[in-house]
Amino acid sequence: MPQPILRLALPSPLRRLFDYRAPAGVPHAALLPGVRLRVPFGRREVIGILVELADSSPVPDDKLRPALELLDTHPPLPATLFRLCLWTAQYYQHSLGDTLSWALPVLLRQGEPAEARQERFWHLAEGARLDDPRLARAPRQREALKAIAQHAHGVAHGLLGKLQLNKESLDLLLAKGLVRVETRRSQVSATHQGAWLLQPELTLNNEQRAAFEAVRAGLGRFQPFLLAGVTGSGKTEVYLQLIHQVLQAGKQALILIPEINLGPQTLARFEKRFNARIALLHSNVSDRERLDAWLAARDGEADIIIGTRSALFTPLKNPGLIILDEEHDASYKQQEGLRYHARDLAVVRARQENLPILLGSATPSLESLHNAHAGRYALLKLTQRAGGAQPPRFLRLDIKSRPLDSGISGPLQQAMAQTLAAGQQVLVFLNRRGFAPSLLCHDCGWLSQCRRCDARMTLHQRHNELRCHHCGHVERPPLNCPECASVDLRPVGAGTERAEERLGILFPDFPVLRIDRDSTSRKGAMEQLFGTINRGEPCLLVGTQMLAKGHHFPRVTLVAILDADGGLFSADFRASERMAQLIVQVAGRAGRAGRAEEAGKVIIQTHLADHPLLVQLTEQGYFAFAEQALSERRAAGLPPFSHLALLRAEAHKPGQAEDFLGQACDQAEALLQQLGLTGIELLGPVPAPMERRAGRYRAQLLLQGSARAPLHRLLHAWLPEVELLPGSRAVRWSLDIDPIDLF
């Protein structure tokens, strides 16, 4: 029987499969779709995934190279996830090999075995005695043997140091036959033991109970639910009680969260509630820990899986429920490589695996609300805060003509002083890192501009640096103005560093805790800050949108938003939605304890206190804003009432990217006529709003379709032609399906 041709997906941007001969000596039956093979690719070796077998190949037989090694006896990805990857590559118009690489942990991409770690365990040998005469003059060996004897299940080799056991002593004991070494999987338990609950469940109110019962009734079949609950309404308690139901049915639950920094908090809450095997997957765990957690989930040895967007591709042996918290969050959209949206893909995965999926948020995305209105999602609402807590009271503080002290007005300072004097905490929100957004020459008007981007450099005073937050370029602040040599250089505007410094001077008796990407970059820094906050002592928290995402600070009663005007006049049609979500999420940190004397108050500093959006948001709430915004999107034909694809290009020379996109646009227009497609507009090409970034010139071409199917039909025919354009090698280009950022 002739050997079949292997069609492999390789980690390459090329949208095609690659043909190889089977490795020598590998039986036909072992060549299962989804297994990994090591193959030669150019001058290097890569790990490919078998997609299909073929009888023939367009590659001449003498050019067809054999695969080097078969790495798996069974495919690492279950068939359901393999189908999800096929769907993902097709929908996002991305290379299948690259898509499959995204779905696998790093170590599996590098060829590691897809098996749980084998670890050595030291045991007392049968018949060994602590008073063995051979140990009379070997006190260290005698102590080591005594320690081993105290562990009936053996001592893992990795724990020898913690038990102060010397490997040299153990090797001598092994040579004497007094200990033995067993190699086994390092998983603690292959099956769950005991009752599931460590803590009693809280009593649900009527709205929580209705939401819980609705989802519980849908367990065992595909049904998307949108849980729209105001901040502090007890969405997490609904999640926990549903997960309990899933665990009792012998199933696994997958919980997606938007930010790594929410991981420890979420994990701690789940560990307190459940006697369950919990796996945590995000980019801050090591490659080995991630692979162990991934394999535990695949083999049914993890009951609850918690992770950020990439955890969506975690295989589950017995899937029962997917929960996606803070579903509106932009962090669920991957912005490089495979530009997938974890929220949308999670719904696709739930449909393919016939699972219910619960999307939760206090500020649901307009796309999800539209799906609920259209009947595609079941809408569940929680309108009351749990535990009797009242919603925070909003105050729009007009700061026109008011003097500002590092961005802080006099009335706001008074409100902060009163809150701290009452023994409560203050949260100050400012979505700008650093000390000041720019450095200005007071004499000639020079501004600290990045040399590589069309952007200003941010002053970070603590490290005495100017940093570009777009390309990462760092330099020392000049002593003199580069234009006029003046020494009168002044920081302009306020960032979190400046607010932290000034608040420390205004309120010297209270700690000021800054929470942003800079202050939490060290391992354990976030946990340390939260530990201080959770002690409940009066303090001031200063931070960026990190503070807005799902945190529970029961002693925070005043939230101050220093600058609410940034999103009111942006050219991005999504800016108002993002601003509304951010304000409501930040405001939701106030007054969560439920005590009348600690009711929450939100002060919004603005130069536009009468702006209709701010008035509607603060007086009528997020859902009134969302209905108005959906109405405006419908009238303008914008998503979710239309569908977008964005072709981006960048090059080293000005004009190159636009020229390339111009050729691509001509091809697309010709294909529209050839295929007879209507309802699709081509907008551009135009320079990107920030044309130069990291030394490259950027441009973009936007495709807008009134229906999804014709747009994807065009893209499927168009991209192979774009790849062959003469200028395609001089530019870097990418396609973003359903972009959430047009800049």
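What follows goes from overall shape to one helix and then to some backbone details.

Keep in mind that this is a predicted model, where local features need pLDDT of at least 70, side-chain atom pairs count only at pLDDT 80 or more, and totals for chains, interfaces and linings use all residues. Residues are numbered from 1 along each chain as its sequence is written, and side-chain values use heavy atoms, with hydrogens and water left out.

The protein chain carries 19 helices and 32 strands; these are DSSP runs numbered from the N terminus, with helices being H or I of at least four residues and strands being E of at least two. Its radius of gyration, taken over C-alpha atoms, is 29 Å, close to the 27 Å from the globule rule for 743 residues, so the chain is as compact as a globular protein of that length. That rule is 2.2 Å times the number of residues to the power 0.38. Along the principal axes, the C-alpha trace spans about 90 × 75 × 65 Å.

How much of the chain is buried? Buried residues come to 52% of the 743, where buried means under 20% relative accessible area, exposed over 50%, and partly exposed in between (1.4 Å probe, protein chains only). Of the contacts with a separation of 6 or more, 75% link residues 24 or more positions apart; a contact means heavy atoms within 4.5 Å.

Now look at helix H18, residues 656–675. At 1.5 Å a residue, its 20 residues should span 28 Å, and the end C-alpha atoms are 29 Å apart, which agrees; the expected span is 1.5 Å times one less than the number of residues. Its buried residues include Phe-660, Leu-661, Ala-664, Ala-668 and Leu-671. An α-helix has 3.6 residues a turn, so residues three or four places apart point the same way. The cover over the buried residues of H18 includes strands E29, E30, E31 and E32 plus helix H19. Just after H18, Gly-676 takes a positive phi of about 65°.

Within strand E30 sits Pro-685, joined to Gly-684 by a cis peptide bond with omega about 5°. Another cis bond joins Pro-639 and Pro-640, with omega about 10°, and Pro-640 lies in the loop between helix H17 and E29.

Finally, two non-glycine residues have positive phi. Asn-354, near 60°, is in the loop between helix H10 and strand E14 and counts as partly exposed at 42% relative accessibility. Ser-406, near 55°, is in the loop between strands E17 and E18 and counts as buried at 17%.
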